[in-house]
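Biologist: I'd like to learn how to read this structure. Could you take me through it one feature at a time?

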Amino acid sequence: MAAIALQQPRRAGSLLRRVALYLVVPAFLVLLYSTYRWLGIHFHWTHPFVVDDITMPSLRSIVSALFEPSRVNGPLLITVLLKAALFTAKEAVIGFALGASVGFVLGALLFQSKLLQRGFMPYIVASQTVPILAVAPMVVVWMKSGWQSVAVIAAYLTFFPVTINTLRGLQSADPRAIELMRSYAASPWTVLWKVRVPAALPFLFAAFKISATACVVGAIIGELPSSIQDGLGGAILNYAQYYSIEPADLWATNLIAALLGITFFLVVVVVERLVVRRAPEHVA
Amino acid sequence: MSTEAAAVSIRGVSKTFEGGTTALQGIDLEIVPGEFVSLIGPSGCGKSTLLRVIGDLIAPTAGDALVNGKPSQQARRDRDYGIVFQDAVLFDWRTVAKNIALPLELAGWSRERRRERVAQMLELVELKGFEDHHPWQLSGGMQQRVSIARALAFDPTLLLMDEPFGALDEMTRERLNMELLRIWEAAGSTVVFVTHSIAEAVFLSTRVVVMSPRPGRISELVAIDLGQPRTAETREEPHFFELVTQVRDALHAGRGAKEPA
């Protein structure tokens with residue numbers, strides 16, 4: 001489908017359709033939420049939960065909460081949240097860079113030997129089955145609480161998909177391309193950089209897309225045991241305490257957190273467009 | 001041994017794969033510089049394996065192969081040959097120009113020399129104007145021409161071709177046959193060409209090596225004494241048909257000998 005679409009000359013209408021799509025889906029979700037809320041309140045639904053202003057605050061109240069002072073005489077909530085998002089973004093970006101680098105190097109090392117793969121893979125998998133909530137406090141103890149330890153926690157959630165896909169991507173190179181490089185008497189290092197890594201790029205970017213959102217979650221979770229107040233994790237913890245009074249504040253915070261994750265994802269998509277050159281039918 | 005080093009000299013080469021399949025048995029073959037030699041035979045006769053032994057992409061179980069008088073390992077390290085596969089094996093992430101320049105990059109040529117050479121090669125395979133295209137934007141025949149340009153880019157004395165036109169339609173194949181002959185004459189290199197097609201082998205070659213399967217060995221050498229340069233009319237000469245028949249008979253004889261009665 002995508003390949004067919006790309007081969008056709010882009011018409012003016014297709015841009016309009018895409019913009020419409022970006023508007024229609026959110027509009028549909030808003031409609032769904034509002035309808036459910038209205039029906040729930042109107043008919044006093046109690047299953048699966050009671051619907052009222054606390055469980056499902058109106059969208060209007062969520063949006064307007066963003067533009068109200070976060071506390072008496074304080075700055076607007078949106079200012080507070082955007083600052084927090086920026087702080088968390090810094091931790092997440094550094095965590096992503098760290099995790100992606102470690103993940104790539106680990107994948108490349110495992111690629112060198114089947115023995116290494118068999119020996120280490122179970123532990124790499126095991127590392128991801130341990131809940132991040134159990135690992136995070138230890139990292140904080142080792143590194144002292146601070147944004148650096150949060151970045152490490154974000155990296156912990158980032159590296160795994162990158163390692164798995166690096167391994168798979170490096171193996172994906174065309175065997176005849178390897179033969180061709182051998183005919184040029186290319187060194188293993190040259191084969192890695194000129195053939196295997198470029199061949200692995202689509203796999204790497206698939207991993208980066210998973211990691212882009214995972215590192216944001218990792219950064220938010222990591223802020224909790226570190227007692228960091230400046231990020232979205234701190235904001236979530238704070239507004240969760242006031243949920244029964246001001247539920248819209250927590251919803252608004254989650255909205256900003258979601259937007260941060262989407263932003264990270266989109267950055268990866270844009271970089272992929274710029275970096276990965278493939279036949280249209282091979283683009284995921 | 002002749003006074004001039006043979007382009008390719010294969011001496012007693014056998015190859016048995018893990019699992020016991022004997023792909024080649026007792027192959028002896030001398031190829032003189034400037035020859036165009038086709039290896040023809042049914043599937044499983046080891047013709048591609050023989051090509052890979054010459055290129056040191058596969059190590060023989062017994063015997064050895066010399067290229068330009070050197071052991072094949074040394075010849076590979078000296079980049080004495082270029083290779084073309086059935087599929088073009090171009091890199092999607094490189095433009096046409098950069099695909100052709102790949103072996104030059106590996107050989108450490110300067111950017112300036114590379115650009116000059118790529119321009120020459122594009123002219124040779126008649127793909128001027130396509131240097132900035134990516135492989136997927138080209139037809140199969142054009143991709144294969146890029147692959148030939150890449151193989152010839154560093155001016156190797158030997159060109160190894162493994163069914164290079166096997167995946168193309170008949171029209172494209174015949175046109176590329178003519179082009180290949182033109183390139184061969186211009187470059188003055190030696191060609192070892194693996195094919196399934198009797199007509200293609202006869203039309204292109206100065207000599208056809210007929211192989212038979214299980215185990216792969218040479219059953220007959222057929223000298224192709226058609227005049228040079230070959231043209232479209234060559235395919236209509238009576239002698240062309242005689243030679244095609246001779247190669248066909250050799251193929252059937254080689255196969256029949258091993259078939260149980």
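Biologist: How many residues does the contact take from chain A and from chain B?

Modeller: The contact takes 15 residues from chain A and 16 residues from chain B, where two residues are in contact if their C-beta atoms, placed from the backbone, lie within 7 Å. Bear in mind that this is a predicted model, in which local features need pLDDT of at least 70, side-chain atom pairs count only at pLDDT 80 or more, and totals for chains, interfaces and linings use all residues. Residues are numbered from 1 along each chain as its sequence is written, and chains are lettered from A and ligands numbered from 1 in the order in which they are written.

Biologist: Which helix gives the largest share of the side of chain A that touches chain B?

Modeller: Helices (H or I, at least four residues) and strands (E, at least two) are DSSP runs, numbered from the N terminus. Helix 8 of chain A gives the largest share, 6 residues. Helix 8 (175-183) and helix 9 (188-223) of chain A each supply at least two residues.

Biologist: How do I read the packing of helix 3 of chain A and helix 11 of chain A?

Modeller: Two packed helices are described by the angle between their axes and the distance between the axes. Axes are lines fitted to C-alpha atoms, for helices over the stretch in contact, and angles run from 0 to 180 degrees between N-to-C directions. Here, the axes of helix 3 (residues 59-66) and helix 11 (residues 247-275) of chain A come within 8 Å and cross at roughly 75°. That makes helix 3 of chain A roughly perpendicular (65 to 115 degrees) to helix 11 of chain A. Among the residues that meet are A:Ile62 and A:Leu66 in helix 3 and A:Trp251 and A:Leu255 in helix 11.

Biologist: And in what order do the strands of the open sheet in chain B run?

Modeller: Strands pair if DSSP finds at least two bridges between them. In chain B, 6 strands form an open sheet in the order 6-7-8-3-9-10, with mixed pairing. Its edge strands, strand 6 (81-84) and strand 10 (217-223), each pair on one side only. The twist averages 15° from one strand to the next. Helix 1 (residues 47-54) of chain B packs on the sheet, touching strand 3, strand 7, strand 8 and strand 9.

Biologist: Which residue in strand 8 of chain B is the bridge partner of B:Val37?

Modeller: The partner is B:Val192. Strand 3 (residues 36-40) and strand 8 (residues 190-195) of chain B pair in the parallel sense over 5 bridges. B:Val192 also touches B:Leu51 and B:Ile54, among others.

Conventions:
Parallel < 35°, antiparallel > 145°, perpendicular 65-115°, else oblique. Lists of a residue's contacts leave out its neighbours within four places in sequence.
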